[in-house]
Amino acid sequence: MEILSKYIYDPKHDLLGRGGFATVYRAHDKILDMPVALKFFHPQEGSNKYNIINEIRRAIVLSHPNIVKYFGVESLVNRDVHGMEEEIQIGVMEYVQEGQMKEFLLRQPLLHSELAELLVGVLEGLKYLHSQGIIHRDIKPQNILLGRDKQDKLIAKIADFGISKNVDSSHTSSSLLLGTVEYMAPEQFNPERYGIGKRVSYNVDIWAFGVTAYALLCGRPLFGARSGETSPGELINKIVNVENLEEQLHGLQEPFRSLIARCVIPDAKSRTSSIDELIGILRGSSAPAIHNLHATVSVNLNGYPSTGGQETVVMPKQTVAEETAVLPRPAPVVGQKNEVPVAKVVEKEVAREEVKKTKDPKDEIKQAKKGSSSKKSVFFIGVLLLLSVGGVAYYYPTWNEQKAKEARAASEKEIMINLLSEIDKKMITVAGGDFTMGTNSSQNESPAHQVAVDTFRLMNVEVTRGLWNKVMKDNRFTDSTQFELPANNVSWNEAHAFIDKLNKLNATNGNNKALFRLPEEKEWEYAYYYMDDSTNLGLNEFSWNKDNARGVLHPVGGKQITGKGFHDMLGNVYEWCENWYGSYGKSAKEEGKVLRGGDYKNDIYFVSPKIRNVEAPDQSSENIGFRIAQNIH
């Protein structure tokens, strides 16, 4: 459906989430030609304490890679079930393609180092908000989203500023009970006892961050969740008392254990207020805040407990040699079989020798010597055990990293081969021949002249957004629902960069003679006429143009084929050709590169196999794309 003449979405398929205050949909902004998220705030009473418009106005000025960007706000007048008019506010936000971080972790495991860096991103986002005088007050797993940067690297983004609060010491409203109970800090329930100066301060977000980090690591809330068996009152009692925290954190790896321990401190005055300190813990530049003498329980590649102090390994079913990964799952339970630390074994053996006593005074010296000998034996056994464990700890990461590299290399090669095979299936061989190029009826396309064309190959559709992402890996096109649209807004220079990368992949596969390239202008026109004699279609049956496209791009291959199997040679997007523009036989570099085929906004006169257009090689436009040709080797 279309609303406000600029946003297109399908309420059945584009729902991203629904909460107590709003419902969010993925949509397409027609004017900006980009995916957005539309946050439909539920109708509000005039007395509602949250001023939505002011919240969004405040959020629009915020700009940081680790927070979800607001682009604007819209208002829509609707009628309720009683026929009464009601005004709905719509926040227009950045669309974050990977969705909630907790859901992503269920689909795909991450290295501990990757997860740590994502948590650093959350902290950087909080640091920025605090620098702007804003306390978020509702940090929780559902409000941590994952997107990708231009290098296709995952990036964490903080969402939902619906109950964030400006810090203002002159108003008691900053202590209002706002947030999600499971992640709220004790001072939000009792600011006089647990707060700083009897108030909620910035580090209320640090508490919520620590509880959120635990939930992402272990797959469950630290203090449990509200349910039929657990009342909000019981949950609050657990939060303010924080019982057995060290035991609950025992199974976590460093640096996560120290990180959470610095965050989850009931008294806000004792809890860290330094986000830089937490970032330092995650990146290893700060000393751990707690020191447990017990070796950390970990799990080896076969799933059995070990005590080598390595990162927890949870191997996905489809892999056998990936690097250390973490999934949201309960932390190991203290007391399981085989998890007694080596240090404890040695300690018990030494203690056993020390408590041995002799009742015969005459044998005192003999027993002492024997005890000394036994202690030395135990000491050396302990050293050997520790060295053994240390050796495994040293060898295991090296072995694992090598196997992971081999697995990645094999996986990347398979992906590359599949990609080239996918492209090869779309290439049509065009047998060479002669034809009449151009026309005398138009000055820019004249004169009509005979041209010889050698045999070549041409892709049956325009390069799609999905294919662009696979080759370039720059995540230029973020909306996966639009991956079958032509890759538009691509300059001639960028099209060549795509082709250069594709040729490198081809050469790696041993096929360096079948080079990809843009088609020559004569090849493009010849390919259009390279068709069956039986082809007799109306223009609207095989092209998207002003008459039938409704002013938007369409997925490739959606219309009838022309000739031997080509789609969309006319309409949808203009296509780059290799040649400089100019009169036939008199190219002029100063004018730009040739475009062919017309586009979805063109009158049918321009959607023609003869009409030419031109654009500078470094310029791009929403109505320009390309298809690739290939030499016959």
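Leaving aside neighbours within four places in sequence, which residues is K39 in contact with? Select K39 and then A22, T23, V24, Y70, Q89, I90, G91, M93 and D160: K39 is in contact with these, where contact means heavy atoms within 4.5 Å.

Before you click on, know that this is a predicted model, where local features need pLDDT of at least 70, side-chain atom pairs count only at pLDDT 80 or more, and totals for chains, interfaces and linings use all residues. Residues are numbered from 1 along each chain as its sequence is written, and side-chain values use heavy atoms, with hydrogens and water left out.

Stay on K39. Its place is in strand β5 (residues 34-41); strands here are DSSP runs (E, at least two residues) and helices are too (H or I, at least four), numbered from the N terminus. K39 counts as buried because its relative accessibility is 8% (buried is under 20%, exposed over 50%, partly exposed in between, with a 1.4 Å probe and protein chains only).

Next, jump to E494 in helix α14 (residues 492-508). At 26% relative accessibility, E494 counts as partly exposed. Show W468, R476 and N489 as well: leaving aside neighbours within four places in sequence, E494 is in contact with them.

Last stop: helix α6 (residues 204-218), which gives three residues, the largest share, to the lining of the largest cavity.
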